[in-house]
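Morning, everyone. Please bring up the sequence and the model on your screens, and I'll walk you through a few parts.

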Amino acid sequence: MAIKRTKAEKKIAYDKKLCSLLDEYSKVLIAAADNVGSKQLQEIRKGLRGDSIVLMGKNTLIRRCIKVHAEKTGNKDYLELGNLLIGNVGLIFTKGDLKEVREEVAKYKVGAPARVGLVAPVDVVVPPGNTGLDPSQTSFFQVLNIPTKINKGTVEIITPVELIKKGDKVGSSESALLAKLGIRPFSYGLVINNVYDSGSVFSPEVLDLTEEDLMAKFASGVSMVASLSLAISYPTMAAAPHMFLNAYKNVLAIAVETDYSYPHADKIKEYLKDPSKFAVAAPAAAAASGGGAAAPKEEEKKEEPAEESDEEMGFSLFDD
């Protein structure tokens, strides 16, 4: 017969387990566990077995264990977790990829009926169609103002009806109707609220960022730094290319307006004196790539007049 442990012994064992997890793992997912049953939680534990451990418990007990662990080890990074333990939550300690673990947890969602008094997490819409209920059940639809008609001895809903809005409490009539229709509108599972990684706490939306998103964010930040640096004339690596370019433009403008000159400025001055040179130079550069193909055509055109001139002279190379 197994010896039943006292509450004090259970707390000591729980404290040892949590402290060992804090020493071993550096990444933790904080998940809300509202309306999650024990069987569903067991399936989640099986799915994460290998590189992750799900730990549930009272928030006050977890906070106390974390505080004692921080005092013993001097590692105060985990104290941030104490501020995130609000409501019915659990901790998922992992050594795997945080995004993959979150996606694995999201797979274990179970449909649930709309019980009376529950707050709807989503909008509930009853679709049109045959309900399979006999005409004596029309009272449920009349109370909820759902348009129906009798078709082949059964009640048929004519148009889709938004029965419950997100955030509203489920009433007795709505719950009874959904149960009769066999609709389980809600689904529950562990929902990741926060992510802890080596002392940093951030939102789970960060895990959805791709390399392209990070590059776009970085480019936007560099652009803002460059704009600010240029506005206050403060040199930075981001603003340096723009500063050099602006300085060169200023030097070129001075050279154009004065007798001072240098090779690059001489070309600009020539274009300004005779704009037609620029007009000629631009098409010439564009046609340079196609010059090789144009040359044989010109040679063919030059050869044709030569043949005509031989015939006009009245003799041919093939005459006897």
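This is a predicted model: local features need pLDDT of at least 70, side-chain atom pairs count only at pLDDT 80 or more; totals for chains, interfaces and linings use all residues.

S229 has a relative accessible area of 4%. The cut-off for buried is under 20%, so S229 counts as buried.

Where does S229 sit? It is found in helix 8. Look at its side chain. It reaches the backbone oxygen of V225 at 2.8 Å. The side chain of S229 also makes a polar contact with the side chain of T236, at 3.0 Å. Now set aside the neighbours within four places in sequence. S229 is then in contact with Y234, T236, A239 and M243.

Helix 8 covers residues 211-232, and helix 9 covers residues 240-257. Their axes come within 9 Å. They cross at roughly 45 degrees. Helix 8 and helix 9 are therefore oblique to each other. Which residues make the contact between them? On helix 8, they are A226, S229 and L230. On helix 9, they are H242, M243 and N246. By class, that contact has 3 nonpolar residues, 3 polar residues and no charged ones.

Next, a sheet. This one is open and has 5 strands, in the order 2-3-1-11-12. The pairing is antiparallel. As background, strands of a sheet pair through backbone hydrogen bonds, either parallel or antiparallel. Which strands form the edges here? Strand 2, residues 52-55, and strand 12, residues 200-202. Each of these two pairs on one side only. On average, neighbouring strands of this sheet are turned by 25 degrees against each other, direction ignored.

Strand 11, residues 191-197, pairs with strand 12 in the antiparallel sense over 3 bridges. For Y196, the bridge partner in strand 12 is V201.

Helix 2, residues 38-48, lies across strand 2 and strand 3. Strand 3 is residues 89-94. Helix 2 runs at about 160 degrees to strand 2.

Finally, zoom out to the whole protein. There are 12 helices and 12 strands. Of the 320 residues, 28% are buried, and S229 is one of the buried ones. Now take contacts between residues at least 6 apart in sequence. Of these, 71% join residues at least 24 apart.

That's my tour. Thanks.

Note on methods: Residues are numbered from 1 along each chain as its sequence is written. Side-chain values use heavy atoms; hydrogens and water are left out. Axes are lines fitted to C-alpha atoms, for helices over the stretch in contact, and angles run from 0 to 180 degrees between N-to-C directions. Helices (H or I, at least four residues) and strands (E, at least two) are DSSP runs, numbered from the N terminus. Angles under 35 degrees count as roughly parallel, over 145 as roughly antiparallel, 65 to 115 as roughly perpendicular and the rest as oblique. Contact means heavy atoms within 4.5 Å. Ala, Val, Leu, Ile, Met, Phe, Trp, Tyr, Cys and Pro count as nonpolar, Asp, Glu, Lys and Arg as charged, and the others, Gly among them, as polar. Buried means under 20% relative accessible area, exposed over 50%, partly exposed in between (1.4 Å probe, protein chains only). A polar contact is a pair of N or O atoms within 3.5 Å; within protein, one must be able to donate a hydrogen and the other to accept it, and residues adjacent in sequence count only if both atoms are side-chain atoms. Two strands pair if DSSP finds at least two bridges between them.
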